[in-house]
Structures are given as structure tokens and as C-alpha cells.
Amino acid sequence: MDEIRTAVVQEVDYDAERDQKFQILNKLLENRQMRSLQLILEDMNEFDVAEFLSEIDEKRRPMVFRMLSKEMAADVFANFDVDDQETIINSITDSELSVIMDELYMDDVVDMMEELPANVVKRVMRAAKPDHRRLINQYLNYPENSAGSIMTAEFVDLKKYMNVRESIARIRKIGEDKETIYICFVTTSDRKLEGIVTVKDLLLHDDDMIIEEIMDTNVIYANTTDDQEEVSEKISDYDLLAIPVVDRERRLVGIITVDDVIDVMEEEATEDFEKMAAMTPSDKPYSKTPVWEIWRNRIPWLMFLMISATFTSMIITGYEDSLAAQAVLISFIPMLMGTGGNSGAQASTAVIRSISLGDVEPKDAFAVLWKEWRVSLMAGVSLAAVNFIKMNLVDRMLLSNTSVTLIVAATVSISIIFIVMFAKVVGSLLPILAEKIGVDPAVMANPLISTITDTVSLMIYFFIARILLHL
């Protein structure tokens, strides 16, 4: 056993060390050395244990899970994805399930309940104790993606008339089952939030010092109905480890910790990426999403973008006679449409990101427009100049394309200036407009903006061509 432990810790790189551990654990499992397997699992981080159990055969998973201690089993269970949680629930008894429910933090329970199938939820609710069942129902009644739906009720509360010695004694008494003990919340007898005090504050003051004298009454808090993304921004802005959540009467009902915020940020970022790629957001990871569901999430946008792209073909058809007279113009259409789409995508991505970080608000629309207009003018002139030189040196002289005249090169280059200006202005304003009307700005992202700029780019191109080339 000592040789196994030595082999496990020799590797310096953590990922390599974990892979080595997994190999040893698999070998022990294959050789049925369950006692050695149990000892190593108990020394590991619960996330790594959950990863290991997720990788082994589904039939063996419940057997190995039952080997874990009560505390470790609950922590590992919280780190499973919903499919693995369902597998474990269906393979253990009601009494075992009740023990796990007692050990889980309330926010982890609520997250699980929101994703499990209805029949499994019913069984979990039956196994939960009455007070837990009441809390679960209360949390599930909060609006989806609200602060109330992700908060936990496991926090340390103190009274302002307590001294430091009494406060530390209370933390020792109830702190084991709390999600965080570093930040303690001072409440009145009817649970109204009065202030906060940290363990650092308690340790650095005399035992007889009263909490009221050292607590911070300038408390940053969230309401139960606040959007979870707004709460995550507040925690990020104020560098908080936890934020209290209060109801309409400012009674403390729960807290949201920084680990919950990281999950929210990940979910929101994934959702934004999917929307920006013209996909309906999914609540499952890619590897767990069935093919038909991926198709369902993607096809509506693909259908919309395909149909909207018919405007492009309609414009080209409308100028068919003009293009026949100057066929060389056709060869530059892809470049112009691509330049417009890329310009709009740059502006929209920057503005969407700024909106999500709280750096830009709808009231800043004029400032954003003015900035992007100046950027677009400089970018458009730069691209036009390079394109004009390229068309004359490469297309006209090196490739001996006699159709590329100075006036044709000027037509394409001038078109680039106006296309880039239009694309960047639209790309910056559409996300702000979406935010103003209450739509997720990510919806106004690359595919939609590219479709708009493609259509308008052709109109600008042909309009300038008609003027300069007298088509």
C-alpha cells in the first residue's frame, strides 16, 4: 500500500498525477483490492473521485460509490453530472438517499432537482426529511435563473449583542454543515440583515468585543428575484466571497457563494456563445446532447438565415443586366460581403462583451456609435487603400486582367469604405437595441448581422457602380 502511495505522489504535473492515480485505481478495481481502493479514494479530492467514478463501468459505479464515507459520498455526488446522479439514485436505497440528501448543500439539491426526471424527483422528495422538503419546494418556486433559485440556506448567523468569544463558539458549533464560515451574517430576531463580520475580524479582536462594534453595516446584498447574471456581476465587481440574499422585507433567506457564481458565469458564457453562433441554447453539455436535440437547436436559425439570404440573390438578379455589362464586378462580391460581415462581427462582439460586463448600457448608444464610426472610417480607408493598390498591381498588371481598370478599382475600394462603416455601425447598435428592449444582446450576433450586412453591402456596391461606371 505504501508503494502505491509513493507512486501516486512522484509525478509533479497534476494532470499526469491524476491519470496515474486513475490507472492505479482501475488496477485495484480489476484485482478486487477494495480496501486499498477505498483508502486512496478517501484521500482524493471529491471532484477527482467523481471523475473516476464517471469513467468506470456503470454497473460497478454504485458498488464503488457505496464504499465512500458519508461525507465524501455527498461531496462526490454533488460533483456528478445529472445523468450520473440519476444512475446513483436509482441504484441505492431510500435510506442511503436520505443520508446523501442530509449532507448536500441546499443549492446543490435544488440544481439537481431542476434537471432530474419527474419520477426521480418524486423519489428524492420522499426520501428528504420534512424540513428539507419544505426548503426544496420554497427554492423551486423562485423564478428560474433568479438569485433565489441558486442560493443556499447554509450560512452562519450571529447577533449584534454577542461578543467575539460567543461568536467563535457558535461557529464551532454549527459551522461544520455550513457552506462557508469565513463570512458571518448579523441578523435581528426576525432575521433582518444588519451587517456582516468575517472570521478574520473575530480573530483580530479581543474576546469581549461586541459584534455590533466590529461588524460592517454597509452590506452589499441581492434580492431573491434578482437575475443570477446581475448577482454574479455584483460579486465580481465588489470582490465578494459570498453575498446575502434577502426577501422584500430584507429578511436574510440565503447566501450565494463564489463557487455558485463561477457556475453561473460558465452557463451564461456558454449560452451567449451558442446564441452568437445561431443556436438555441442547450442545458446539456455537447457530449451528453443527443443528435436529434442538436439538430432541433440549430435548424430554426439555419432555416431563418437561409431564407433571409434570398434577399442577396434577389439583389443580384435585379442587377443582372448591369453585371453582364461589367462581369468583372461579380468576382469582387464575395470579398466585399466577407469584409462587411467581418467588420460587423468585430463591432458586435466587442459591444456584446462590454454589455455583459456592465461597461456599456443603452444610454451609451451615442458614444458607442461615435467611437465605432471613427473606427470604421479609419478601417474602411485603410482597407480601401490596400485593395486599390492590390487590384492595380496584382489583378491589373501581374495577372494582366484588362477588365480591372482604374475606375473599377476605385468602385470596389470606395464601396469598401461605406460597407465597413455601415457594418460597424449596425454591429454596434443592434446589441444595444436588443438590451434596450429586453432581448439578449447575443442574439444580435455574427450570423444575423452578417446576413444584414451582406444584403446592404450589395446595395451599396451596385449603387456606387451605377454612379461611377454608368451602368
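How many of the residues of β5 are buried? The points below take up that strand, its sheet, and then the helices and loops.

1. The coordinates come from a predicted model, in which local features need pLDDT of at least 70 and side-chain atom pairs count only at pLDDT 80 or more, while totals for chains, interfaces and linings use all residues. Residues are numbered from 1 along each chain as its sequence is written, and side-chain values use heavy atoms, with hydrogens and water left out.

2. Strand β5 is mostly covered, since five of its five residues are buried, where buried means under 20% relative accessible area, exposed means over 50%, and partly exposed lies in between (1.4 Å probe, protein chains only). A242, P244 and V246 point one way from the strand, I243 and V245 point the other way, and all are buried. Strands here are DSSP runs of E with at least two residues, and helices are runs of H or I with at least four, each numbered from the N terminus.

3. The sheet that contains β5 is open, with three strands in the order β4-β5-β6 and mixed pairing; two strands pair if DSSP finds at least two bridges between them. Because β4 (222–223) and β6 (252–257) stand at the edges with a single partner strand each, one side of each is left without a neighbour in the sheet. Helix α16 (residues 228–238) packs on this sheet and touches β4, β5 and β6, its direction making about 135° with that of β5. Contact means heavy atoms within 4.5 Å, and axes are lines fitted to C-alpha atoms, for helices over the stretch in contact, with angles running from 0 to 180 degrees between N-to-C directions.

4. The two pairings can be followed residue by residue. β4 and β5 (residues 242–246) pair in the parallel sense over two bridges, with V245 as the bridge partner of A222 and with N223 standing opposite V246. β5 and β6, by contrast, pair in the antiparallel sense over five bridges, and I255 in β6 is the bridge partner of P244.

5. In the hairpin of β5 and β6, which has five residues between the strands, R250 takes a positive phi near 60°. D239, in the loop between α16 and β5, has phi near 55°, a positive value in a residue other than glycine, and D239 is exposed, with a relative accessible area of 68%. R191, whose place is in the loop between β2 (183–187) and β3 (193–198), has phi near 70° and is partly exposed, at a relative accessible area of 40%.

6. Among the helices, the axes of α2 (residues 14–30) and α4 (residues 46–55) come within 11 Å and cross at roughly 50°. The two are therefore oblique to each other, a term for angles that are not under 35 degrees (roughly parallel), over 145 (roughly antiparallel) or 65 to 115 (roughly perpendicular). The contact is made by Y14, R18, F22, L25 and N26 of α2 together with F47, D48, E51, F52 and E55 of α4, and these residues divide into five nonpolar, one polar and four charged. Here Ala, Val, Leu, Ile, Met, Phe, Trp, Tyr, Cys and Pro count as nonpolar, Asp, Glu, Lys and Arg as charged, and the others, Gly among them, as polar.

7. In helix α6 (residues 70–79), M72, A73, A74, V76 and F77 are buried. What covers the buried residues of α6 includes α3 (34–43), α4, α5 (61–66), α7 (82–91), α8 (94–103) and α9 (106–115).
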